[in-house]
Amino acid sequence: MKINKNFLDLEASYLFSTVNKKTREFIASHPSADVIKLSIGDVTKPICPVVIDAMHKAVDEMADAKTFRGYPPEQGYDFVREKILEWDYTKRGIDMKLDEIFLSDGAKSDCGNIGDIFATDNTVAICDPVYPVYIDTNIMNGRKNNIIIMPCSAETGFLPEIPSDDAPVADIIYLCFPNNPTGAVAPKSYLKKWVDYANAHHSVILFDSAYEAFVTEPDVPKSIYEIEGAKTCAIELRSFSKTAGFTGLRCGYTVVPHELVFDGTELNALWMRRQSTKFNGVSYITQCGAAAIYSEEGQKQIQENLSFYRENARLIFEGVTAAGFKAFGGKNSPYVWLQIPEGYTSWSFFDELLEKCQVVGTPGSGFGQKGEGYLRLTGFGSRERTIEAIERIKASFGR
Ligand SMILES: *Cc1c(COP(=O)(O)O)cnc(C)c1O
């Protein structure tokens with residue numbers, strides 16, 4: 001037996017374990033310290049009542065022989081996909097078909113698994129800094145030497161440059177907006193350039209819109225399909241995790257339009273085959289919960305939580321800016337991307353913030369080389385603790 005040696009090419013990720021270890025050590029040596037985590041990368045608010053009610057009802061159905069359900073359809077029940085189609089696409093003027101929507105246990109799985117349907121020798125364009133799943137899953141699939149890193153810096157608003165015509169062609173392009181970790185958003189005019197590039201070069205865009213629910217500004221697209229021409233070049237990956245607090249419930253979906261035809265084959269058919277072979281669907285109870293957000297009352301309830309996180313992010317952005325820092329994001333996103341002062345690295349500033357303010361952030365360098373010089377702060381904490389953290393930062397660093 002031989003192992004898949006591609007796994008040995010993965011870089012060990014110490015980001016969150018080191019953040020936790022340093023925080024634990026600080027608390028151990030400062031037992032009276034009142035540490036505040038602005039590093040939380042997970043939702044913290046409970047699931048909203050409409051979803052809980054729908055899931056309770058589904059549990060009862062499972063207890064009765066007349067309403068019991070076994071294996072769900074691999075692509076998801078029609079009752080939830082019809083709602084997705086109506087609320088996330090049709091109502092927003094986007095024409096999609098039911099069989100283009102594939103329900104899943106989350107966007108992380110889909111971001112990783114989608115690589116199964118593409119040849120190993122494709123080039124893959126990935127942003128730096130980035131959500132590490134895109135890089136690591138491509139390395140696992142043997143594309144280590146085919147990765148084109150797209151540096152993202154403050155000068156371009158953390159939007160990667162579209163490759164020039166003499167640059168190697170990017171066959172597969174990962175884009176994520178609103179972005180984790182930078183909080184950057186991409187205007188329509190910018191995304192149109194990527195769509196044009198992809199259509200001209202017969203590339204595919206994998207558009208991770210896990211944070212679309214945070215978007216409030218009209219010029220910021222929630223879906224790549226708001227861009228003309230996207231159906232012939234883009235797959236969209238979405239999640240109920242940040243939208244409705246499903247990080248612990250697990251549900252997301254991927255849209256693969258029939259217009260995506262490569263080597264004479266529809267990607268939709270390949271993804272259907274991949275999913276029906278390796279995936280047995282999302283639990284009925286979870287699907288009932290997901291469907292429940294698609295009602296006037298459901299939308300109102302999820303918006304309450306989303307507004308709460310948005311307001312935290314806004315307060316952090318305003319607070320650190322008032323303290324004299326330069327910061328990005330914090331709008332249409334739960335993330336604030338803090339530019340750290342000169343003379344510090346991401347990690348030395350992490351230490352300084354912990355020592356001086358007892359506030360924990362996430363060092364930007366953990367998301368890629370171009371994340372060096374930044375720290376990610378998140379709006380997923382409580383209001384009271386977020387305000388307390390900002391006050392401490394102002395008191396320690398403010399001028
Ligand atoms: C949180 C997140 C997701 C969602 O992952 P799930 O598996 O659906 O919980 C996807 N992409 C990015 C960039 C994320 O930050």
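Reader: How many bridges join strand E7 to strand E8?

Author: This is a predicted model. In it, E7 covers residues 234-239 and E8 covers residues 252-255. The two strands run antiparallel. The number of bridges that join them is four.

Reader: Which residue in E8 is the bridge partner of Arg-238?

Author: E7 spans 234-239 and pairs with E8. For Arg-238, the bridge partner in E8 is Tyr-253.

Reader: Which strands stand at the edges of the seven-strand sheet?

Author: The sheet is open, with mixed pairing, and its order is E2-E8-E7-E6-E5-E3-E4. From one strand to the next, the twist averages 20°. An edge strand pairs on one side only, and here the edge strands are E2 (101-104) and E4.

Reader: At about what angle to E2 does helix H3 run?

Author: H3 takes in residues 78-89. The helix lies across E2, E7 and E8. Its angle to E2 is about 115°.

Reader: What is the strand order of the four-strand sheet, and which strands have one side left without a neighbour?

Author: This open sheet has antiparallel pairing, in the order E11-E12-E15-E14. The strands at its edges each have a single partner strand, so one side of each has no neighbour in the sheet. Those strands are E11 (326-329) and E14 (362-363).

Reader: Which residue in E15 is the bridge partner of Thr-362?

Author: E14 and E15 (residues 374-378) pair over two bridges, in the antiparallel sense. In E15, the partner of Thr-362 is Arg-376.

Reader: Which helix lies across E12, E14 and E15?

Author: The strands involved include E12, at 335-339. The helix runs at about 50° to E15 and covers residues 346-357. It is H11.

Reader: How far apart do the C-alpha centres of domain 1 and domain 2 lie?

Author: The domain assignment gives domain 1 as 5-46 + 297-397 and domain 2 as 50-295. Their contact takes 31 residues from domain 1 and 39 residues from domain 2. The C-alpha centres of the two domains lie apart by 26 Å.

Reader: Why does the largest pocket lie between domain 1 and domain 2?

Author: The largest pocket holds about 1,400 Å³ of space. Its lining has 49 residues, and those nearest its centre are Val-130, Tyr-131, Pro-132, Val-133 and Gly-366. The pocket lies between the domains because residues of its lining come from both domain 1 and domain 2.

Reader: Which element gives the most to the lining of the largest pocket?

Author: By class, the lining has 23 nonpolar, 13 polar and 13 charged residues. The element that gives the most to the lining supplies six residues. That element is H5.

Reader: Which residues lie nearest the centre of the second largest pocket?

Author: The volume of this pocket is about 240 Å³. Its lining divides into eight nonpolar, three polar and two charged residues. Of the 13 lining residues, those nearest the centre are Phe-118, Asn-122, Phe-262, Asp-263 and Leu-267.

Reader: Where is Asp-263, and what is its phi?

Author: Asp-263 is in the loop between E9 (261-262) and E10 (265-266). Its phi is positive, in a residue other than glycine. The value is near 50°.

Reader: Which element gives the largest share of the lining of the largest cavity?

Author: The largest cavity holds about 70 Å³ of space. Its lining draws at least three residues from each of domain 1 and domain 2. Among the lining residues are Lys-45, Cys-48, Lys-242, Asn-305 and Tyr-309. The largest share is four residues, and it comes from H10.

Reader: What is omega for the cis peptide bond that joins Asp-128 and Pro-129?

Author: Pro-129 is found in the loop between E3 and H5. The bond from Asp-128 to Pro-129 is cis, and its omega is about 5°.

Reader: Is the peptide bond from Phe-177 to Pro-178 cis or trans, and what is omega near?

Author: Pro-178 lies in the loop between E5 (172-176) and H6 (188-201). The bond from Phe-177 to Pro-178 is cis, with omega near -10°.

Terms used: Residues numbered from 1 in each chain as written. Predicted model: local features only at pLDDT ≥ 70, side-chain atom pairs only at ≥ 80, totals over all residues. Heavy atoms only, no water. Pairing = 2+ DSSP bridges. Contact = heavy atoms within 4.5 Å. Axes fitted to C-alpha atoms, helices over the stretch in contact; angles between N-to-C directions. 1 Å grid on protein atoms, 1.4 Å probe; cavity = no way out; pocket = protein on both sides within 12 Å on 5 of 7 lines; lining within 4 Å. Points joined across faces, edges and corners; volume = space filled by probe spheres on them. Nonpolar A, V, L, I, M, F, W, Y, C, P; charged D, E, K, R; others polar. Domains from an automatic or database assignment.
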